Amino acid sequence: MLEDLRTLVEVESPSRDLDALRKSAETVAGVIEARLGGRAVLVESEGGPHVHWSGGGTPRILVLGHHDTVFPLGTLARRPFLVEDGRATGPGVFDMLGGLVQAIHGLAELEDRSGVEILVTADEEVGSHFSRALIEERALACGAVLVAEGAADGGAVKTGRKGCGTFEVSVAGRASHAGLEPAAGVNALIEAAHQVLDIAALARPEIGTTVTPTVGSAGTLDNVVPAQATVVVDVRVESADEKERVESAFAALAPHLDEAVITVKGSVGRPPMPESAAAGLFAVARELLPGLEGRAVGGGSDGNFTAALGVPTLDGLGAVGGGAHADHEYLLVGLMAERARLVAGLVDAIRSA
């Protein structure tokens, strides 16, 4: 497993870099074919090639993952793959190349791989816009989904996820000289400040809804009343009702200043993953690995899409470690075999149910 993990980590795969993603997809396909046999097909998309493999027979289980990472080219030179003191480090080891390797090796332990499909997408880290339809198609065809994303803290599997999305609120005002004619302008920065307060007030943390302005920009020069401003907002919700409420509230944002114009783009693109979608598979996982914990988390994954379709989905079956998207990202080597066996056991249990 460590040899294959090194192979994947050392082929950098930043989202939206189509050349890098092609090399990554070819490498993932090569690892799958070497360990499982058959043919791993590259599925072309505008977001990069996805990798699809089938063990043949009637589809029963979809093992889901992604090969894109958040790290730019050149990160590997600064943080090379390393195994030391029981930890593997390097860009993407936890999110989520380690989980892919574990799932592949778990399936390799099965003499019968019929009914199993693997789908490894190229754009999960940037919204899965070019893979969502394929994910949903294969999830519905298979009827059960095992997501090889990294585990929650302490190795817990992920039994629920918030829905998440990004909104961009743009303000159009009118420029004027800040010293000579400040009143002749329409200050987009002041309007944006009003909007930030209105937007932040949409949060309902007591029921799991967070609405967090994260990036703001405005203005051109220090002596010009700004004519443009933009606010980017991260949204997380636990229910479909909250998704609709927040989206409606963004659509209804109104300017405070005369002649200012508000434009809103975005949505809660990943629907919530209810814990009910994972309940049956989690019960099976606990029989296979007594003491295994389940946890609902705030981050989203492609499991959100499959769970929203009503397809039984268990997430967080991948690497045990931490530091996703950070320089201290790591994977605990000593637990890789246990997680690989868990995937294999779940596949056998689903096929025999």
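Reader: Helices (H or I, at least four residues) and strands (E, at least two) are DSSP runs here, numbered from the N terminus. Which strand does R161 lie in?

Author: R161 belongs to β8, the strand that covers residues 157-161. Two notes before going on. The model is predicted, with local features needing pLDDT of at least 70 and side-chain atom pairs counting only at pLDDT 80 or more, while totals for chains, interfaces and linings use all residues. Residues are numbered from 1 along each chain as its sequence is written, and side-chain values use heavy atoms, with hydrogens and water left out.

Reader: Fine. Is R161 buried or exposed?

Author: R161 is buried, because its relative accessibility is 7%. Buried means under 20% relative accessible area, exposed over 50%, and partly exposed in between, with a 1.4 Å probe and protein chains only.

Reader: What does the side chain of R161 reach?

Author: The side chain comes to 2.8 Å from the backbone oxygen of G299. For a polar contact, the N or O atoms must be within 3.5 Å, with one able to donate a hydrogen and the other to accept it.

Reader: And which residues is R161 in contact with, leaving aside those within four places in sequence?

Author: There are E149, P272, M273, V297, G299, G300, S301, N304 and D315. Contact means heavy atoms within 4.5 Å.

Reader: Changing topic: what is the volume of the largest pocket?

Author: It is about 850 Å³. Of the 30 residues lining this pocket, E124, E125, G127, C164 and R270 are the closest to its centre. A pocket is an open set of points on a 1 Å grid, with protein on both sides within 12 Å along at least five of seven lines, and lining residues have an atom within 4 Å of a point.

Reader: Which helices and strands each supply at least two residues of that lining?

Author: One helix is on the list, α4 (93-108), along with the strands β8, β9 (163-172), β11 (228-237) and β12 (261-270). R161 lies in that β8.

Reader: How many residues of the lining are nonpolar, polar and charged?

Author: The lining has 12 polar, 11 charged and 7 nonpolar residues. Asp, Glu, Lys and Arg are the charged class.

Reader: Now the core. How many residues are in the largest nonpolar core?

Author: The largest core has 54 residues, and L5, I32, L107, I118 and L314 have the most contacts inside it. Its members are buried nonpolar residues joined through side-chain atoms within 4.5 Å. Several helices and strands each supply at least two of its residues, among them α1 (2-9), α2 (18-36), β2 (50-54), β3 (61-66), α8 (279-288) and α10 (336-352).

Reader: Which element gives the most to this core?

Author: That is α4, with 9 residues.

Reader: What does L107 touch, not counting residues up to four places away in sequence?

Author: L107 touches L36, V63, V116, I118, V343 and V347, and also R113. A second, separate core has 19 residues, including A188, A192, V233 and V237.

Reader: Back to α4. Which residues does the cis peptide bond join?

Author: The cis bond runs between D95 and M96, with omega at about -10°. M96 is part of helix α4.

Reader: Which residues other than glycine have a positive phi?

Author: R16 is one, with phi of about 75°, and D85 is another, with phi near 55°. R16 sits in the loop between α1 and α2, and D85 in the loop between β4 (82-84) and β5 (87-89).

Reader: Are these two buried or exposed?

Author: R16 is exposed, because its relative accessible area is 65%. D85 counts as exposed because its relative accessibility is 77%.

Reader: What about D17, where does it lie?

Author: D17 is in the loop between α1 and α2. At 22% relative accessibility, D17 counts as partly exposed. A polar atom of its side chain lies 3.0 Å from the backbone nitrogen of A20.

Reader: Last one. Which residues are buried in helix α5?

Author: In α5 (residues 132-142), the buried residues are L134, I135, E136, R138, A139 and C142. They pack against β1 (41-43), β2, β3, β6, β7 (145-147) and α9 (303-308).

Key: On a 1 Å grid over the protein atoms alone, a cavity is a set of points where a 1.4 Å probe fits but cannot get out, and a pocket is an open set with protein on both sides within 12 Å along at least five of seven lines; lining residues have an atom within 4 Å of a point. Grid points are joined across faces, edges and corners, and a volume is the space filled by probe spheres set on the points.
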